[in-house]
Amino acid sequence: MRLGKDLLIVGTTARKGLCQEGRMKIMYKSRNWTVAEWDCLQRDQNDYAWTDPETGMLVTDNLDTENLFKILDALRDQDQSWMVNWTNAGYKSGYRTVAINDEVDGEYNSTHTRGMAADIHIGNADYSSCELGDMVEKVANELCINIGLGTWEYDGWCHVDTAGGGRRW
């Protein structure tokens, strides 16, 4: 479907105009997630995503963030109860500013600060971290997205990032 002279929608991915280098700029529009659900301060926009004014949903032009939300969208397509965790300090554990990441003792150069991570679980459900990780990994494999996946057996949640490397810990 074509919208205007320089915006082409293909599924949920929009291709907009040419970048300075002459390549297509790609925007991904989430079907199921808002920026505020993922942003540490529950803002409408951050360095990696903004809110679509028509739908209220997350939009990004960053490939790593796009891949993360392709996974998160597929998970929510299966169960609307998937959610981003809250940190003990009261912040959403998705995208984090460097200052918030430092405050919550996050890793230096964390994938959270680079728009490619979220700590997630299914609300009102009693899945182990390993079961959650298996669900995330299955969806990522179906989408052919190489992920990093961390699970913590004692907390009932999992960390997912699109840094690649196919690691699981």
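Biologist: What is the relative accessible area of Lys29, and is Lys29 buried, partly exposed or exposed?

Modeller: Bear in mind that this is a predicted model. Buried means under 20% and exposed over 50%. Lys29 falls in between, so it counts as partly exposed, with a relative accessible area of 25%.

Biologist: Which residue forms a salt bridge with Lys29, and where does that partner sit?

Modeller: Lys29 itself is in strand S4, and its partner is 23 residues away, in the loop between strand S5 and strand S6. The closest N and O atoms of the pair are 3.2 Å apart, and the partner is Asp52.

Biologist: How far apart are the closest N and O atoms of Arg31 and Asp77?

Modeller: This pair also links distant parts of the chain, with Arg31 in the loop between S4 and helix H1 and Asp77 in helix H2. Arg31 is partly exposed at 38%, and Asp77 is partly exposed at 46%. They form a salt bridge, and the closest N and O atoms are 2.5 Å apart.

Biologist: At what angle do helix H2 and helix H4 pack?

Modeller: H2 passes H4 in a right-handed crossing. The contact is made by Ile71, Ala74, Leu75 and Gln78 of H2 and Met135, Val136, Val139 and Ala140 of H4. By class, that gives seven nonpolar, one polar and no charged residues. The axes are 9 Å apart, and the angle is about 115 degrees.

Conventions. Residues are numbered from 1 along each chain as its sequence is written. This is a predicted model: local features need pLDDT of at least 70, side-chain atom pairs count only at pLDDT 80 or more; totals for chains, interfaces and linings use all residues. Side-chain values use heavy atoms; hydrogens and water are left out. Axes are lines fitted to C-alpha atoms, for helices over the stretch in contact, and angles run from 0 to 180 degrees between N-to-C directions. Helices (H or I, at least four residues) and strands (E, at least two) are DSSP runs, numbered from the N terminus. A crossing is left-handed if the near helix is turned anticlockwise from the far one by less than a right angle, and right-handed if clockwise. Contact means heavy atoms within 4.5 Å. Ala, Val, Leu, Ile, Met, Phe, Trp, Tyr, Cys and Pro count as nonpolar, Asp, Glu, Lys and Arg as charged, and the others, Gly among them, as polar. A salt bridge is a side-chain nitrogen of Lys or Arg within 4 Å of a carboxyl oxygen of Asp or Glu. Buried means under 20% relative accessible area, exposed over 50%, partly exposed in between (1.4 Å probe, protein chains only).
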